[in-house]
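Reader: Could you walk me through this one? I'd like to begin with the packing and then turn to some backbone details.

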Amino acid sequence: MLRDWYAPVDLFALVPALELRFEPELAELDRLLEDDDLFQQIKADLAQRRPQTLRTGRPSTPVEVILRLLVIQHLYAWSYEQTEHFVNDSLVLRQFCRLGFESVPHDTTLLRWANLVQPETLHRLLDRVTELARSLQVTRGRKLRIDTTVVETAVHYPTDSSLLADGVRVLSRLVDHARDVLKAAAEPCFRNRTRSAKQLAQRIYATAAVHAGRTVTAERPALYRRLLKVAQASLRQAGQVQQRLVSWSDKAAQRLSTDLEHFGPLLRQVCAQTERRVFGGEVVPASDKVLSLFEPHTAVLRRGKARVPAEFGRKVLLDEVDGGLVSRYAVLVGNPPDAEQLPASVAQHRVRFGRPPAELTADRAFHTAANERLAVEQGVRCVAIPKPGALSPRRRAFERQRGFRRAYRFRAGIEGRISVLKRRFGLGRCRYHGRNGMERWVGLGILAHNLRQISQVVALRQAA
């Protein structure tokens, strides 16, 4: 049964000799999290765990505790295990999370509850936090700056050979589990080909593609051909095993059948892209590539950076307003042009603040004549987006105006904001799995950042 909260206990009053108290920022953050709208939106998602979660079953970890633990986790960039350990050892964090003398939920318990939070809920929570910031006069929404960044997924560098070896390893492991479930004897369809695939992948890695020797160059396609045969044999085995699992009603058999159905097509696509690239000499488009069997939503992103020619993850759009708050984020599909995202940012800003921003700024990747015209038509007074390429004398004079230069200086701050989000709130690399996991990781990180930003501003104002 889903509980709202534990019985209140003031740990600070029970040990007055220690003179425990919240730091100013944590005290303001504690007050912000008492907002009933935040509580009810999280509760609505957690209530979907089971059909009767709200009425029957063992008493659960309270909604209030889960919300605060998730905020603490992303506030300090801890893992679930670290969150459990540090909160358990700290009276201050126990009081903040409203645990009292109750035990801290196990890290796997917190993980299962966190997986129920939906991406749409996080967007609504961010809207609510923005409303709180406006009510506390932390922001007025008069300025808007836009930029994109990349949040990496937890994948190794994708090569065809390593992906083929990964596919064989995963299918072989699932087939081994299926043999135990089916209580089958040793048969050809249960053969484990992991070692063969691993050895071939290592030989391919050791054989440099640009080696000057003809023998090595000729050896590489032969190794790939052998590795492809091993992968295709594993696919045939997996198909035979899956047919036998379908007739079993056991839950373990159904789960294995689902996993085989998920990984089989991914490995087939890896085989197809390997054949096209290695034997067909094609340049396979990024949209046709599988970059990870475990994070298939990963995209290859080339943004013209000399230090990192290619990044593997998801492109994320950030809208930041005055006051240092990220008012909106969007996890984009693939690598679309930045300029396409500007109209939606202006429209969403009008919905949230009831008026367009007085100043709109972004880097030159967002510039098009249509975007400038749209922003002016929407009521933006100053549009400070430099035009790429050679400038006409009229355009050069326009971009040298004092208002344009002042607004464009405001744009530089979003680079620092992105750096803080990556270093302090974990947006450099996503630790959650799947598309929803990426949305959850980005959303919770930005939510924790905004709550901390509001609490800092209010705490400094009170101290002054």
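**Core and backbone**

Author: In this predicted model, the largest nonpolar core has 81 residues, and those with the most contacts inside it are Val 442 and Ile 446. Helix H18, residues 434-463, supplies the largest share of this core, namely 10 residues.

Reader: And which residues is Val 442 in contact with, leaving aside its neighbours within four places in sequence?

Author: With those neighbours set aside, Val 442 is in contact with Val 151, Val 316, Tyr 329, Val 331 and Leu 427. Apart from the core that holds Val 442, there lies another core, of 38 residues, and among them are Phe 190, Ala 231, Leu 235 and Ala 253.

Reader: Switching to the backbone, what is phi of Ala 77 near?

Author: Phi of Ala 77 is near 55 degrees, which is a positive value in a residue other than glycine. Ala 77 sits in the loop between helix H4 (63-75) and helix H5 (80-89).

Reader: Is Ala 77 buried, partly exposed or exposed?

Author: Ala 77 has a relative accessible area of 30%, so the residue counts as partly exposed, given that this class lies between under 20% for buried and over 50% for exposed.

Reader: Okay, and where is Gln 137 found?

Author: Gln 137 is in the loop between helix H8 (119-135) and strand S1 (143-152), and although Gln 137 is not a glycine, its phi is positive, at about 60 degrees.

Reader: Why does Gln 137 count as exposed?

Author: Because its relative accessibility is 63%, and exposed means over 50%.

Terms used:
Residues are numbered from 1 along each chain as its sequence is written. This is a predicted model: local features need pLDDT of at least 70, side-chain atom pairs count only at pLDDT 80 or more; totals for chains, interfaces and linings use all residues. Side-chain values use heavy atoms; hydrogens and water are left out. A nonpolar core is a set of buried Ala, Val, Leu, Ile, Met, Phe, Trp, Tyr and Cys residues joined through side-chain atoms within 4.5 Å. Buried means under 20% relative accessible area, exposed over 50%, partly exposed in between (1.4 Å probe, protein chains only). Helices (H or I, at least four residues) and strands (E, at least two) are DSSP runs, numbered from the N terminus. Contact means heavy atoms within 4.5 Å.
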